[in-house]
Amino acid sequence: MSNRDVAKLTFADLRPAEVIDVSAMPRILRRVLGLAFRYPRHIGIASLATLGASALSLFLPRLLGRSVDQAHGLLARHVAFGAEWHPLAISAALILGVSTLRGLMRMIAGYLGEALGQNVGYDLRLAFFDKLQRLGFDFHDGIHSGDLITRGMLDLEGVRGFIGDGLQRLILVVMLVGVGAVRLFSTDWVMALLALSFVPIVTWQSARTGLFLRVTWTRLQEKMALLTRTMEENLQGARVVRSFAAEQHEIAAFDTDGNAALRIARYRIGVRALSITAMQTTFYLAMGAVLWVGSARVQAGRMTVGELTEILAFMTILQQPTRQIIMIVNSAARATSSGQRLFDILDREPLVQDREDARPLVTPRGTVRFEHVDFAYPGGPTVLHDISFAVGPGQTLGIVGAPGSGKSTIAHLLPRFYDVSAGRITIGGEDVRDVTLDSLRQSVALVAQDVFLFDIAAAKNIAYADPLAEEDRIVDAATLATLHEHIDAMPQGYATAVGERGVSLSGGQRQRLSIARGALPDPAVLILDDSLSAVDTATEATLRAGLRASNQNRATIIIAHRLSAITDADEIIVLDEGRIVERGSHTELMALGQRYASLYRLQSVQAHEGVEPGDRTLDTASA
């Protein structure tokens with residue numbers, strides 16, 4: 001929807017049924033209410049307090065009408081202020097007492113309703129975050145993080161708001177209109193029809209406007225989500241923006257999206273103002289009709305002044321709850337659309353999860369085997385074909401190949417971020433699909449090229465897998481990654497925060513800290529997925545020596561573009577389009593004189609000329 005289109009929004013154009021699944025509303029709202037009924041004490045007392053406040057609200061017009069009749073009678077008889085005014089004083093005291101009690105009931109209902117909403121919000125927040133932790137890479141690969149944040153915050157608030165406030169408003173309106181209508185019709189059906197004539201019109205207008213405002217709110221959310229995503233990406237890519245002098249372009253793009261959001265917000269304000277004006281006009285027309293007919297009846301002696309006052313007071317009390325139908329419909333519609341988006345995530349089951357009979361990994365330090373493994377991403381073509389290899393404790397396997405040849409896919413299959421399409425992967429003879437994910441991933445450490453660091457102390461980043469690790473172990477892991485001296489020289493040493501995503505560190509330092517994080521828990525299998533690419537050759541040599549010394553009891557898999565990182569591997573496999581096309585030790589592959597040998601010679605020339613080998617060198621060597 002363009003900015004110009006926003007200025008021309010109409011109820012028909014938005015087609016609310018396409019934005020809000022009205023047919024799903026009962027099902028979604030029943031489920032939302034089910035969350036509230038986990039707290040029966042809160043919802044029970046809050047409902048009783050709301051009913052009590054409604055009953056007292058209905059009682060007030062009766063008291064007020066009786067007081068007017070009492071005062072009118074005394075004045076008609078020209079009774080001086082004195083003892084005969086005592087009943088009127090009692091009525092006034094009753095009005096004050098009932099009003100106070102009604103306020104207390106509303107306070108209790110409001111407090112418990114809000115507490116109920118917050119409890120449900122807490123439960124949903126934990127359930128949503130827990131689900132995000134358990135859903136696999138296949139899910140996270142296909143959805144933007146900004147959308148998940150929107151669901152976990154704005155949509156969750158939509159569900160919480162309906163429970164905390166919408167239910168009370170609904171009970172209040174039903175009670176006042178239902179019981180009040182019975183009271184009025186039992187007294188005078190003509191006056192009842194006049195007094196309640198504004199209710200269906202206001203109800204229809206409120207429901208229509210509430211649904212329309214919900215639709216426009218959904219559109220506004222989409223624009224705000226886009227603004228959030230733009231700001232998030234701009235902040236994360238601040239260096240790129242500055243490097244290419246693209247500030248004005250980013251400002252213009254943000255202004256365009258912000259202007260679209262502003263147009264929708266202004267339109268919402270106009271619709272709501274017009275709706276409120278129409279409802280108020282309808283109410284005052286109905287009140288005028290009641291006064292006109294009621295005055296005639298008072299003059300004819302068919303109605304007392306107090307009875308007319310009672311009807312007018314009831315109409316005044318009923319006006320605000322009836323107008324709140326717009327909020328009830330809006331809240332219910334928002335809870336429906338928000339709940340649907342939340343439940344869409346909560347109802348998902350991870351493609352990769354523990355089997356019912358899964359058991360902990362018994363021999364984590366056994367031999368890792370890929371046995372005729374094929375793999376295809378969900379809905380995609382096969383990217384690995386008949387991959388077989390073995391690497392035992394104390395051994396190192398090197399993997400090389402052109403970008404897209406399947407190297408990182410192999411790294412992701414071993415800890416079961418995805419499941420194989422055919423064949424099997426075993427550790428110590430146990431199929432990884434038969435063991436628990438926790439025990440498997442505690443035994444397999446993956447250090448990726450794209451490093452993510454938390455904005456916490458360097459020591460806590462290193463000890464992420466074992467927060468209770470002793471200081472000596474943290475220092476040993478940093479020393480293994482040749483990072484101890486740099487961290488020790490920081491202002492607060494290992495307590496120094498590394499900044500968002502490790503911004504205070506260089507690319508090589510971030511990779512080395514990631515290696516330290518992977519090495520600290522002493523995993524049975526260590527996978528380095530091109531995690532030495534940003535490290536200079538001298539540091540790489542020191543790192544390789546440290547890894548060799550510490551790898552006596554673990555299987556190590558090194559995926560690399562720079563072949564110097566794997567020349568001392570026990571076996572090297574060369575991938576091409578998901579297939580193993582060469583395998584052997586460095587010496588054997590050099591003697592073979594094919595792809596690996598060509599690539600190694602090319603990288604040696606580049607290193608001699610001071611050029612770092614890039615991702616395309618394997619393609620160049622095989623051309």
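The count of salt bridges in this structure comes to 18. The model is a predicted one. Aromatic rings form nine pairs, and an open sheet of four strands has the order β2-β1-β4-β5. Strand β8 (residues 555-559) is largely enclosed by the rest of the structure, because five of its five residues are buried.

- Side chains of opposite charge can pair when their charged atoms come close.
- Asp 344 and Arg 151 form one of the salt bridges, with 3.3 Å between the closest N and O atoms. Asp 344 belongs to helix α14 (residues 325-346) and Arg 151 to helix α8 (residues 145-187), so this pair ties together parts that are 193 residues apart in sequence.
- Arg 359 and Glu 430 meet through their side chains in a salt bridge of 3.5 Å, N to O. The pair links distant parts of the chain, 71 residues apart, with Arg 359 in the loop between α14 and β1 (368-376) and Glu 430 in strand β5 (residues 430-431).
- Arg 359 counts as partly exposed, at 37% relative accessibility, while Glu 430 is buried, with a relative accessible area of 9%.
- A salt bridge also joins Glu 571 to Arg 583, whose closest N and O atoms are 3.0 Å apart. Strand β9 (residues 571-576) holds Glu 571 and strand β10 (residues 579-584) holds Arg 583, so the pair ties together parts that are 12 residues apart in sequence.
- Arg 583 has a relative accessible area of 38% and is therefore partly exposed.
- Glu 114, Glu 157 and Arg 160 are linked in a network of salt bridges.

**The open four-stranded sheet**

- Pairing in the sheet β2-β1-β4-β5 is antiparallel. Its edge strands are β2 (382-391) and β5, each of which pairs on one side only.
- Strand β1 is joined to strand β4 (residues 422-427) by five bridges, and the two run antiparallel. Ile 427 in β4 is the bridge partner of Val 368.

**Aromatic pairs**

- A pair of aromatic rings is described by the distance of the centres and the angle of the planes.
- Among the nine aromatic pairs, Phe 370 and Phe 389 are stacked, at 4.5 Å centre to centre and 20° between the planes. Phe 370 lies in strand β1 and Phe 389 in strand β2, so the contact ties together parts that are 19 residues apart in sequence.
- Phe 375 and Tyr 418 form a tilted pair, 5.6 Å centre to centre with 55° between the planes. Phe 375 is in strand β1 and Tyr 418 in the loop between α15 (407-413) and β4, so the pair ties together parts that are 43 residues apart in sequence.
- Phe 375 is buried, with a relative accessible area of 2%, and Tyr 418 counts as buried at 6% relative accessibility.
- Phe 198, Phe 283 and Tyr 284 are linked into a cluster by ring pairs.

**Strand β8 and its neighbours**

- Both faces of β8 are covered: Ala 555, Ile 557 and Ile 559 are buried on one side, and Thr 556 and Ile 558 are buried on the other.
- Strand β3 (residues 396-401) pairs with β8 in the parallel sense over four bridges. Gly 398 has Ile 558 in β8 as its bridge partner.
- Strand β7 (residues 525-529) also pairs with β8 in the parallel sense, over five bridges. Asp 529 stands opposite Ile 559 in β8.

**The second largest pocket**

- The second largest pocket has a volume of about 360 Å³. Helices α10 (198-236) and α11 (238-243) are the elements that give two or more residues to its lining.
- The lining comprises 13 residues, of which Gln 236, Arg 239, Glu 500, Arg 501 and Val 503 lie nearest the centre of the pocket.
- By residue class, the lining of this pocket divides into five nonpolar, two polar and six charged residues.

Methods: Residues numbered from 1 in each chain as written. Predicted model: local features only at pLDDT ≥ 70, side-chain atom pairs only at ≥ 80, totals over all residues. Heavy atoms only, no water. 1 Å grid on protein atoms, 1.4 Å probe; cavity = no way out; pocket = protein on both sides within 12 Å on 5 of 7 lines; lining within 4 Å. Points joined across faces, edges and corners; volume = space filled by probe spheres on them. Nonpolar A, V, L, I, M, F, W, Y, C, P; charged D, E, K, R; others polar. Salt bridge = Lys/Arg side-chain N within 4 Å of Asp/Glu carboxyl O. Buried < 20%, exposed > 50% of the residue type's maximum accessible area, 1.4 Å probe, protein only. Pairing = 2+ DSSP bridges. Phe/Tyr/Trp six-rings, centres within 6.5 Å; stacked < 30°, edge-to-face > 60°.
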